[in-house]
Amino acid sequence: MPTSISKSLQDCDSDLAYQDAILQGVSRTFALTIPRLPGALRDVVGNAYLLCRITDTIEDEPSLPSEQKQIFSERFINVVAGRENVEPFARELGSSLSASTTEDEHDLIANTDRVIRITHGFRPNQRKILERCVEIMARGMSEFQRNATPDGLENLSHLDRYCYYVAGVVGEMLTELFCDYSEEINERREDLLALSVSFGQGLQMTNILKDMWEDRRRGACWLPRDVFQAAGYDLSDMSSGETNPAFAKGLSELVAIARCHLENALRFIILIPRHETGIRLHCLWALGMAVLTLRRIHATPAFHSGQEVKISRRSVRAVVAVTNASVRSNLALKLLFGTLASKLPRTQADCLPQAQP
């Protein structure tokens with residue numbers, strides 16, 4: 001084997017090993033679920049998550065002004081698409097990050113070139129899917145970060161749009177990757193896409209509710225003002241450990257909406273062929289953990305921080321065990337969801353999001 005080809009293969013193996021290792025640092029949840037995917041999907045989904053994580057890191061960095069975040073976001077879009085060199089981008093972004101960004105995220109940015117080498121090694125259709133996701137996410141998140149306020153979003157429609165940019169587009173991306181992987185899944189593409197944004201929104205709304213006090217301390221609030229105004233509460237009066245019954249009423253309505261989205265997530269999973277157990281488990285574990293987190297939020301509306309409602313490792317192990325046993329049975333999965341969500345409130349609204357720009 002020629003030396004240049006041998007070195008290229010070694011570099012590829014090294015990059016993939018780095019990808020697997022850094023996933024453990026930046027997301028324990030995805031590091032847990034991605035290995036369940038079929039081999040043909042594992043590397044591309046892992047890479048997609050890291051691209052999204054880099055996008056998040058730009059937007060989450062508190063020391064960067066919004067104009068600079070927008071510039072870095074546009075540059076990253078170009079890096080992913082192969083229109084800009086990765087090394088200057090990574091070097092300049094890395095030097096702009098503060099200690100508020102985690103050590104693992106600093107490491108990820110420093111090794112952006114390794115992530116992008118993997119991205120550019122995928123098939124053209126896979127690259128197109130990833131590029132679309134990063135472009136929509138980066139531009140949408142920049143828009144909302146520019147207008148972030150501790151007083152919340154204007155209304156539920158704005159929350160839907162925010163969730164689309166942060167997570168709904170990821171649901172679309174995963175669906176397209178699943179369809180690219182399997183012709184059998186591709187035959188159900190339209191039905192899956194119709195539910196994919198709702199799936200992403202259910203997971204994102206759960207995170208928004210869990211992290212609302214941490215977000216507020218950073219000067220942002222992603223809760224919709226109109227939902228709380230209808231309950232008789234002004235979000236500008238929010239304080240940690242809120243005990244106002246009107247606040248609890250507004251929170252309960254958002255829990256109900258998130259529950260509805262997670263029910264759509266189950267419908268999405270059931271559309272995946274039963275024999276594709278890896279894809280089902282990848283989705284089921286995220287769904288199960290979200291439902292258990294919602295239960296804790298609903299049971300403890302006066303919580304002070306996300307740590308108070310974060311589920312335990314024992315609960316995570318229980319989700320893994322029960323879904324492993326039920327993964328091939330649609331009836332068992334419906335019964336399991338019904339049992340876990342039985343104490344959560346319901347909403348009368350249709351929670352399927354409208355098409356986003």
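I began with overall size: for 357 residues a compact globule would have a radius of gyration near 21 Å, and the protein has 20 Å, which agrees. That radius is taken over C-alpha atoms, with the globule rule being 2.2 Å times the number of residues to the power 0.38. The model is predicted, so I kept to its rules: local features need pLDDT of at least 70, side-chain atom pairs count only at pLDDT 80 or more, and totals for chains, interfaces and linings use all residues. Residues are numbered from 1 along each chain as its sequence is written, and side-chain values use heavy atoms, leaving out hydrogens and water.

Next I looked up the extents: the C-alpha trace spans about 70 × 50 × 35 Å along its principal axes. I found 18 helices and zero strands (DSSP runs: H or I of at least four residues for helices, E of at least two for strands, numbered from the N terminus). Buried residues make up 52% of the 357 (buried is under 20% relative accessible area, exposed over 50%, partly exposed in between; 1.4 Å probe, protein chains only).

Then I turned to R314. It sits in helix α17 and is exposed, at 67% relative accessible area.

Where does P150 lie? I found P150 in the loop between α8 (124-146) and α9 (156-181). P150 is partly exposed, with a relative accessible area of 33%. I also noted that P150 and A220, 70 residues apart in sequence, are 4.4 Å apart in space, C-alpha to C-alpha.
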